Amino acid sequence: MLKCTGHYGTPDRVAADVHAIPFPSDKTLFSKTLNQIAPDLKGLINDLREKEDFTGKADESVMLMTEAGRIILVGLGEVAELDVERVRRAAAQSMKKAATFVAPVVALYCPLEEIVRKVLPVSFEDTVQAMVEGALLATYKYDAFKKPKPEQKKGQFKELKIVTADEGFQSRLKAGIQEALIITEAVTIARNLSNGPANVVSPETLAKEAMAMGKKLNIKTVILNKKEIQANKMGGLLGVNQGSAHEPRFIVMEYNDKKRRLKPYVLVGKGVTFDSGGLSIKPASAMEEMKMDMSGAAAVLGTMYAVAKLKLPIRLVALIPATDNMTGGAALCPGDILTMSNGKTVEVKNTDAEGRLILADALVYAQRFKPAAIIDVATLTGAVVVALASHVTGMMGNDDDLMNELYEAGDRTYERVWELPLFQEYEKMMESDIADLKNLGGRWGGAITAAIFLKHFVGEFPWAHLDIAGTAMLEEAKDYQPKGGTGAGVRLLTEFLKGCKE
Ligand code: BES
Ligand code: MN
Ligand code: ZN
């Protein structure tokens, strides 16, 4: 992770290879920013504004060579429309622009406190946090298997300096930076796991990562192996694993640093390390990205990391059923009937609807903690991508308060969620002629029928299901999100849990 430090000053007084300054487009605030952060450049920048080369509109950016060094001007847009997401994006844009130069040390200037106070419904600290997150998340690359090119110096950052030109605000930078560093690390853990190919990230690898994190952060971590999974009668996880060369794992992590006697929150993450579809095999074009079918597990592990590092005053349990979904000789056949860990029987109409089978056993396991709430995170259906594209996570559940809290957390982090209904009419679509349930709905409403299936395994506990099939993996980079695994869910869930004190 990049070194990140807080400073007070202006470009002539802060040592950096490039200085990025965000400007709002409103005339007076544009001028105030100019007066306070770069008074020496008044003539030059006012000239640019008059010629409309740079007016502070969102997405605008310009580089100037000055006596104080390279200056990047970034547009924040109209102050009336400013929010923390704009701040994240402006920070990301600054880093992307800076990456086109050899500039190991970047100074990123905070918007004036006056702007923050006036328009953002958040504190100065939160604004700093958003800035650092946007900047650092934008510099992510999955390069574990690429040899470094020493001649490639552009985009090789060493240090990010967060600078305020508001006197007395330097001390207020620290908290925001600290939290942003933890969150960015957590998202990076999730992105790396998602992007890791299936021959590297196996169920065993996920278990080892969890164990290593548990040791490092003092989180009680237990890994159930195949025998123990059998002893728990997890028919869903065992069924999906039948066609695999790898043994399944069931990961249980429990964070409770102060031995609090609270009801825990339980996070459940889908850990399908590769989804070939099984015998109901996927076409080649749809199969390639299925190394990322453990992105729910990745999000849960990333969140666990953030919560433990931030020492949130809660109890948190993470459950990850982990297997790949393959076509070996012993693979599940369409038509097979499985008995899940709560005794319910399931007719497997399609072996590609495997996520719900392994999640069902994990949701049953979650109930033993008598949780305050259960939240599962899964790349569960293509149908949710059809409904919401990659912009929004699909949310379903049985508890309005829980879903409202998640919605609010999604709004604040811009990891937005949108609820789809679980009306009673959908129930019939999951009924089987010969078993308690089937794992396939009809042709329509696939995201919803998948959730209807899960609902049979959560008992009476407050529960929300997050279908991140669209948001966890991107075909094209956008803003501070890379192509490939995004780490979706980590910021959302951490923000949600920050608000929980039960
Ligand atoms: N992992 C997939 C869902 C998925 C699709 C995730 C696209 C990310 C991008 C899941 O296991 C799956 O195959 N779902 C099927 C369910 C169907 C057979 C009911 C689907 O969505 O097609
Ligand atoms: Mn599948
Ligand atoms: Zn899957």
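Reader: Which residue forms a salt bridge with Lys498, and how far apart are the closest N and O atoms?
Author: Lys498 pairs with Glu179, with the closest N and O atoms 2.5 Å apart. A salt bridge here is a side-chain nitrogen of Lys or Arg within 4 Å of a carboxyl oxygen of Asp or Glu. This is a predicted model, in which local features need pLDDT of at least 70, side-chain atom pairs count only at pLDDT 80 or more, and totals for chains, interfaces and linings use all residues. Residues are numbered from 1 along each chain as its sequence is written, and side-chain values use heavy atoms, without hydrogens and water.

Reader: How is the chain divided?
Author: Domain 1 covers 3–181, and domain 2 covers 196–352 + 366–449 + 462–498; the bounds come from an automatic or database domain assignment.

Reader: How many salt bridges cross the interface of the two domains?
Author: The rule finds three between domain 1 and domain 2.

Reader: What area do the domains bury between them?
Author: Domain 1 and domain 2 bury about 1200 Å², with 57% of it on carbon and sulfur atoms. Buried area is the accessible area (1.4 Å probe) that two parts lose on being put together, summed over both.

Reader: Which residues of domain 1 lose the most area to domain 2?
Author: They are Arg88, Arg89 and Glu179, which together account for 35% of what the domain 1 side buries.

Reader: And how many residues does each domain give to the contact?
Author: Domain 1 gives 15 residues and domain 2 gives 13, where contact means heavy atoms within 4.5 Å.

Terms used:
Chains are lettered from A and ligands numbered from 1 in the order in which they are written.
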